Amino acid sequence: MDNKIIQLKLTSLSVTSSNTAASDAEQISKLRASQSPIAISVQRCPSWSSLDPLQFRGYWDNTGNGTLLNTGQTAYFTFDTAARPRLSGGPLIGEYIFEQMHFHWSVDDFTGCEHVLDGHGYAAECHLVHYNSKYESLEAAVAHSDGLAVVGFLLEVVDAPNPSFDEFVEGLEKIKKSDQEVEVSSESLAWMNREDLSSGNYVTYKGSLTTPPYTECVTWIIYEKPVQIGAEQLGLLRQLEGPDCIPIERNVRPTQRHPPGHSVIYVRQVKAKL
Ligand SMILES: [Zn+2]
């Protein structure tokens, strides 16, 4: 019941013409947090179109190189350069600094994602973890409810390889064993570079880390449209070995219950404002 009341209130906010993108982002920042991941019924989410488009700066076009590491739990990418990518716009107030990218997957093509949108499962989910630039580091930011922003991409397996994953996949081939790492270029993020980033729809909510200590410090941004990846390319993630020299079968946290009064917003990105 609580849920309904809050959702109605949010829906009515979205049609108030005096709302600015900044005050809408402020509203989102005050929403109640939940544990993550969650299953989301997109159709039931209040829909907002007044937020600024998301801005990704210095990702695939970064002049610095990165490192791709097999942590024994996941494939983990960081930039070696001090010039870190920056994320702003959308539900975010201020700028968020890129810290790392990692992946979740499973043994089949439908249970490898953490977030579930309208009941659709996918083979994998990629997380780009950022921390709020007003804090000194990721470690410091975790203590604050506006500390982290994580962008999630759902990965859908298709037959043909996606050439924009080539550089990333080349890196994966070299880190099959736990603790192995390889230097890769920012081209490893080339697959992110699609129009959907600034014009595609996404859901956003206040949630938590999906790995210990599960702190509720994350503004989640999950794109609705999955990124396509070739079956063989995705297969390389599944070949990554854990510390026991056995391929990592599953590194997905199950979906968590929505607490009472918890809301998810469906954001329609509108390109230029007249
Ligand atoms: Zn994750």
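In which sense do strand S12 and S13 pair, and over how many bridges? Strand S12 (residues 202–207) runs antiparallel to S13, with six bridges between them; strands count as paired if DSSP finds at least two bridges. Strands here are DSSP runs (E, at least two residues) and helices are too (H or I, at least four), numbered from the N terminus. One spot to look at is Tyr 205, which stands opposite Trp 220 in S13.

Before going on, note that this is a predicted model: local features need pLDDT of at least 70, side-chain atom pairs count only at pLDDT 80 or more, and totals for chains, interfaces and linings use all residues. Residues are numbered from 1 along each chain as its sequence is written.

S13 also pairs with strand S10 (residues 148–158), this time in the parallel sense over five bridges. There, Val 151 has Ile 221 as its bridge partner.

How covered is S13? Six of the six residues in S13 (218–223) are buried, meaning 20 or more other C-beta atoms lie within 10 Å of their own, with C-beta atoms placed from the backbone. In a regular strand, side chains alternate between the two sheet faces. Here Val 218, Trp 220 and Ile 222 point one way, while Thr 219, Ile 221 and Tyr 223 point the other.

Now zoom out. The protein chain has six helices and 15 strands. Its C-alpha atoms fill a box of roughly 55 × 35 × 35 Å along the principal axes, and 39% of the 274 residues count as buried.

Terms used: Buried ≥ 20, exposed ≤ 12 C-beta atoms within 10 Å, placed from the backbone.
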